[in-house]
Amino acid sequence: MIGSLNHVGIAVPDINQALAFYRDVLGAKDCTEPKVLAPQGVKYAFVNLPSGQVELIEPYGETSPIIRFLEKNPKGGQHHICFEVEDINAAKALMETRGMRVLGEPRIGAHGTLVVFLHPGDAGGVLIELMESHKTHQDSDKAC
Ligand SMILES: CC[C@@H](C(=O)O)C(=O)SCCNC(=O)CCNC(=O)[C@H](O)C(C)(C)COP(=O)(O)OP(=O)(O)OC[C@H]1O[C@@H](n2cnc3c(N)ncnc32)[C@H](O)[C@@H]1OP(=O)(O)O
Ligand SMILES: [Co+2]
C-alpha cells in the first residue's frame, strides 16, 4: 500500500535555530521559510534534498500534539516518518482492518493534501504519517 517515503519529521524547540543548523552546519542549500499550520498545531519548514524532505516542526498553540514529545526530548528529535498513499480514505480503512489505531480523521497537511497518523504503539514505536500523494482536495496554492 505505501508508496514513496515523502519526509522525515523532526520536532524542534526553535525552528529558526534548526534551520540555521541545517543551512550553516550541514550545508543545506534549499530550505523553506517557516509557516504556521494552525489546525495541526505546528509551525513547519522543509529542508529540500534530492532524495526527499526533512520536515522541521515546532509546536504552535497550547494544544499542539508535539508539546509532550518535546517535554520528553527537550533538544528535539526524530518525530515521524511520512509515506505517500494513493487514496487516504482507502489507506485509513485498510489500516483499521489490520488493527492499527488511526489517530483522527484525515486533515490537510503541509503539502496541501490529506494526511493521517498511525499510533506509534502499533507501529514498532514509530509515529507514521500517511499522506495522499495527489493534490485533489481544497487548500490549493493556485488561484485558478
Ligand atoms: C506539518 C503538518 C503535518 C504534515 O503535513 O507533515 C505534520 O507532520 S504534523 C506532525 C505533528 N502531528 C502529530 O503528531 C499528530 C499525531 N500525533 C498525535 O496524535 C500524538 O502526538 C500521539 C502520537 C498520540 C502522542 O501523543 P502524546 O500526547 O505525546 O501522548 P503520550 O505522551 O501519551 O504518548 C503515547 C505513547 O506514544 C509514544 N510517542 C509519542 N509520540 C511519539 C513519537 N513521535 N514517536 C514515537 N513514539 C511516540 C509515547 O512515548 C508514549 O509511549 P509509552 O510511554 O510507551 O506509552
Ligand atoms: Co509530517
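Reply: Two strands pair if DSSP finds at least two bridges between them; strands (E, at least two residues) and helices (H or I, at least four residues) are DSSP runs, numbered from the N terminus. This is a predicted model, in which local features need pLDDT of at least 70 and side-chain atom pairs count only at pLDDT 80 or more, while totals for chains, interfaces and linings use all residues. Residues are numbered from 1 along each chain as its sequence is written, and chains are lettered from A and ligands numbered from 1 in the order in which they are written.

Me: In strand 7, which residue is the bridge partner of Ile 108?

Reply: Strand 6 and strand 7 pair in the antiparallel sense, with four bridges between them. In one of these strands, strand 7, the partner that Ile 108 meets across a bridge is Leu 114.

Me: Which strands are the edge strands of the sheet?

Reply: The open sheet has eight strands with mixed pairing, in the order 2-3-4-1-5-8-7-6. An edge strand pairs on one side only, and this holds for strand 2 (35-37) and strand 6 (102-108).

Me: Which strand gives the most to the shell around ligand 1?

Reply: There are 25 residues around ligand 1, where near means that a C-beta atom, placed from the backbone, lies within 6 Å of the molecule. Several elements each supply at least two residues of this shell, including helix 2 (67-72) and strand 8 (127-132). With three residues, the strand that gives the most is strand 5.
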